[in-house]
Amino acid sequence: MPTIAVVDYDMGNLHSACKGLEKAGATPIITDSPAALDQAEAIVLPGVGSFDPAVQHLRSRQLEAPIKRAIASGKPFLGICLGLQILFEASEEGKEPGLGIVAGTVKRFRHEPGITVPHMGWNQLELAQPNSPLWQDLPIDPWVYFVHSYYVDPSDPKARAATITHGSQTVTAAIAQNNLMAVQFHPEKSSTAGLQILANFVNLVQARQVVTAS
């Protein structure tokens, strides 16, 4: 069972993320140690809350550099919800600079008749990278669970791995660039489809272990 570091920076429901990873066949370790992130086989960055406190907490724990090192080294990395947004350069929600690992900004849904903000509940993914390893063995246009008022807008449209439509607004729901993957929805709350996505991530970690060992 691969060991996956789950980053603790006081901004996420770590318990549910870990339970999902355990069901998917991994051994999650909750940590705020830069050394532990350097040693981990893969990293999950969950997050619930606001942009500015999230990046402040990460930086106060000296976690920005090890996260960037891990991604640059090719380790499988999965961001979840706010853990997706803080990978970007900036957010309309706050004033702090993001981690800047992905070019682009975080924007707020426009209010329009007939939709609610925050966007909360089940919505259907439209897969922009249907061959991404993260989407293996999923049904067509799977349903997943969201809770968010902001969405990421990558500078490079090719970074989008999936989109959703809320009212008249079609926005990015996931990104994938090589070993870096991140989703706006909560896979740990997304029933069978969410568990499959987590299992796909764990499979990627196991595949890298085999390559590294050979």
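Q: Which residue is the bridge partner of A5 in β3?
A: I43 is the bridge partner of A5. The model is predicted: local features need pLDDT of at least 70, side-chain atom pairs count only at pLDDT 80 or more, and totals for chains, interfaces and linings use all residues. Numbering starts from 1 along each chain as its sequence is written, and side-chain values use heavy atoms, with hydrogens and water left out.

Q: What makes β1 and β3 a pair?
A: Two strands pair if DSSP finds at least two bridges between them. β1 and β3 (residues 42-45) share three bridges in the parallel sense. The strands themselves are DSSP runs of E, at least two residues long; helices are runs of H or I, at least four residues long; both are numbered from the N terminus.

Q: How do you know that β1 and β2 pair?
A: Five bridges join β1 to β2 (residues 27-31), again in the parallel sense. T3 has T27 in β2 as its bridge partner.

Q: Why is β1 called largely enclosed?
A: Buried means under 20% relative accessible area, exposed means over 50%, and partly exposed lies in between (1.4 Å probe, protein chains only). In β1 (residues 3-7), four of the five residues are buried, so the strand is largely enclosed by the rest of the structure.

Q: Why is the unit of β1, α1 and β2 called right-handed?
A: The test has the strands pointing away from the viewer; the crossover is right-handed if the path from the first strand over the helix to the second runs clockwise. The β-α-β unit of β1, α1 (residues 14-23) and β2 is right-handed, so its path over α1 runs clockwise in that view.

Q: Which residues of α1 are buried?
A: They are L14, S16, A17, C18, G20 and L21. An α-helix has 3.6 residues a turn, so residues three or four places apart point the same way. Just after α1, G25 takes a positive phi of about 100 degrees.

Q: What makes β2 and β8 the edges of the sheet?
A: The open sheet of eight strands has mixed pairing and the order β2-β1-β3-β4-β13-β12-β11-β8. β2 and β8 (126-127) each have a single partner strand, so one side of each is left without a neighbour in the sheet.

Q: How do you know that β8 pairs with β11?
A: Two bridges join β8 to β11 (residues 160-166), and the two run antiparallel. At least two are needed, so the pair qualifies. L127 stands opposite A162 in β11.

Q: What makes C81 stand out in its backbone, and is it buried or exposed?
A: Most residues other than glycine have a negative phi, and most peptide bonds are trans. C81 has a positive phi near 60 degrees. Its place is the loop between β4 (77-80) and α5 (82-85). Relative accessibility is 7%, so C81 counts as buried.

Q: Is S191 buried or exposed?
A: At 51% relative accessibility, S191 counts as exposed. S191 is found in α6 (residues 191-213). Its phi is positive, about 55 degrees, although it is not a glycine.

Q: Which residues line the largest pocket, and what is its volume?
A: The volume is about 180 Å³. The lining is V48, G49, C81, L82, Q85, E93, P118, V147, H148, S149, Y150 and Q184. α5 and β9 (143-148) each supply at least two lining residues.

Methods: On a 1 Å grid over the protein atoms alone, a cavity is a set of points where a 1.4 Å probe fits but cannot get out, and a pocket is an open set with protein on both sides within 12 Å along at least five of seven lines; lining residues have an atom within 4 Å of a point. Grid points are joined across faces, edges and corners, and a volume is the space filled by probe spheres set on the points.
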